[in-house]
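Me: I would like to go through this structure with you. Could we begin with the terms and then turn to the details?

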Amino acid sequence: MNIHFGKGCFVNYKCTFLDCAPIELGDGVWIGANVTIATPCHPFLADERLPQEYPDGFHDLEYAKPIRIGDGSWICSSATICGGVAIGKNCIVAAGAVVNRDIPDNCIAAGVPARVLRKLDEQDCMNVWDTYMKNEVPLSQREKSAIQRIKSV
């Protein structure tokens, strides 16, 4: 088996792990529903990709590249992680993103193909326990500032 889970990982339902090469999930990695983590790769050129005759018979060629997801990262629902990708520590990959290049530590990445939107920082703090105790919806400092700007317009 080529899948290695760190401590405290969570994998939701209907996920697909194609582990022709190693897949490494660090400690505390969360994997949302319907995520695909796929190490297999195929040649780009049709002449190399499509089945053809080789000395030992007809084959289509495939190779694989490992995937590493760093500690504390969260891969949201329906994201796809392609072979050869390293996702840093404490990253968030948005729902539906297709990650085909490395993501540095502490970043939010989204889109098809995924790109880094920004670094996570102290403005992302939500004080979750305080808002829970007040029965309020947690908002980050960044979200509170945006609401204040809208109200002042």
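Reply: Two strands pair if DSSP finds at least two bridges between them. Helices (H or I, at least four residues) and strands (E, at least two) are DSSP runs, numbered from the N terminus. This is a predicted model, in which local features need pLDDT of at least 70 and side-chain atom pairs count only at pLDDT 80 or more, while totals for chains, interfaces and linings use all residues. Residues are numbered from 1 along each chain as its sequence is written, and side-chain values use heavy atoms, with hydrogens and water left out.

Me: Which residue in β12 is the bridge partner of I31?

Reply: The partner of I31 is I75. Two bridges join β5 (residues 30-31) to β12 (residues 74-75), and these strands run parallel.

Me: What is the strand order of the open sheet of six strands?

Reply: The order is β2-β5-β12-β15-β17-β18, with mixed pairing. The edge strands are β2 (10-11) and β18, each of which pairs on one side only.

Me: How many bridges join β17 to β18?

Reply: There are four, and the two strands run antiparallel. C107 has K119 in β18 as its bridge partner. Four residues lie between the strands of this hairpin, where G111 takes a positive phi near 105°.

Me: Now the open sheet of four strands: what is its order?

Reply: That sheet runs β3-β6-β13-β16, with parallel pairing. At its edges stand β3 (16-18) and β16 (98-99); each has a single partner strand, so one side of each is left without a neighbour in the sheet. Three bridges join β3 to β6 (residues 36-38), and F17 has I37 in β6 as its bridge partner.

Me: Which residues have the most contacts inside the largest nonpolar core?

Reply: They are I37, I75, I81 and I87, in a core of 23 residues. The elements giving two or more residues to this core are β4 (23-25), β11 (67-69) and β17 (107-110). A nonpolar core is a set of buried Ala, Val, Leu, Ile, Met, Phe, Trp, Tyr and Cys residues joined through side-chain atoms within 4.5 Å.

Me: What about S73, buried or exposed?

Reply: S73 counts as buried, because its relative accessibility is 0%; buried means under 20% relative accessible area, exposed over 50%, and partly exposed in between (1.4 Å probe, protein chains only). S73 lies in the loop between β11 and β12.

Me: Where does the side chain of S73 reach?

Reply: The side chain of S73 reaches the backbone oxygen of G88 at 2.7 Å.

Definitions and conventions
Polar contact = N/O pair within 3.5 Å; in protein donor to acceptor, adjacent residues only side chain to side chain.
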